[in-house]
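Here's a quick look at one model, with its helices and a bit of its surface in mind. Have the structure open as you read.

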Amino acid sequence: MMTIIEKSLLAMAILRVLSGSIEVCAGLLMLKFNSLEKAFYINTMLALVGPTVLIVTTAIALFGLADKIPVTRIICLFTGITLIIISSHVK
C-alpha cells in the first residue's frame, strides 16, 4: 500500500534534515579548525540558521493548516515564536 505525503509535511521534514545537517557540519568544522575563535565565529553563524528554520517551518505548517486553525490560535503561535526569538537575543 502506498502512502501519500503532504507537500507541507515533506517541506518541513526536508528543512529540518537540512538544518540538522548544517549543525553537524558546523560541529565538524569546529573540530577541523581546532581554534576557539573560528569555532565562535561558526557558532554565531549558526545563530541565524536556527530561528530562520523555526520561522519557515512554522509558516509552512500554518499555511497547510490555515483552514483548520482559528485566527486567534495563529496569532498566539506567532506571538510565541516572536517571544522565543526575542528571548534568544536578550542578554
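## Ground rules

This is a predicted model, where local features need pLDDT of at least 70, side-chain atom pairs count only at pLDDT 80 or more, and totals for chains, interfaces and linings use all residues. Residues are numbered from 1 along each chain as its sequence is written, and side-chain values use heavy atoms, with hydrogens and water left out.

## Annotated spans

The unreviewed UniProt entry lists residues 9-33, 39-64 and 71-90 as "transmembrane region"; such annotations may be inferred rather than shown by experiment, and positions follow the numbering used here, with feature names shortened.

Residues 9-33 are 100% helix, with end C-alpha atoms 36 Å apart. Residues 39-64 are also 100% helix, and there the ends lie 37 Å apart. Helices here are DSSP runs (H or I, at least four residues), numbered from the N terminus, while strands are E runs of at least two.

## How α1 meets α2

Helix α1 (residues 7-33) and helix α2 (residues 36-65) have axes that come within 10 Å and cross at roughly 175°. The axes are lines fitted to C-alpha atoms over the stretch in contact, with angles from 0 to 180 degrees between N-to-C directions. So α1 and α2 are roughly antiparallel (over 145 degrees; under 35 is roughly parallel, 65 to 115 roughly perpendicular, the rest oblique).
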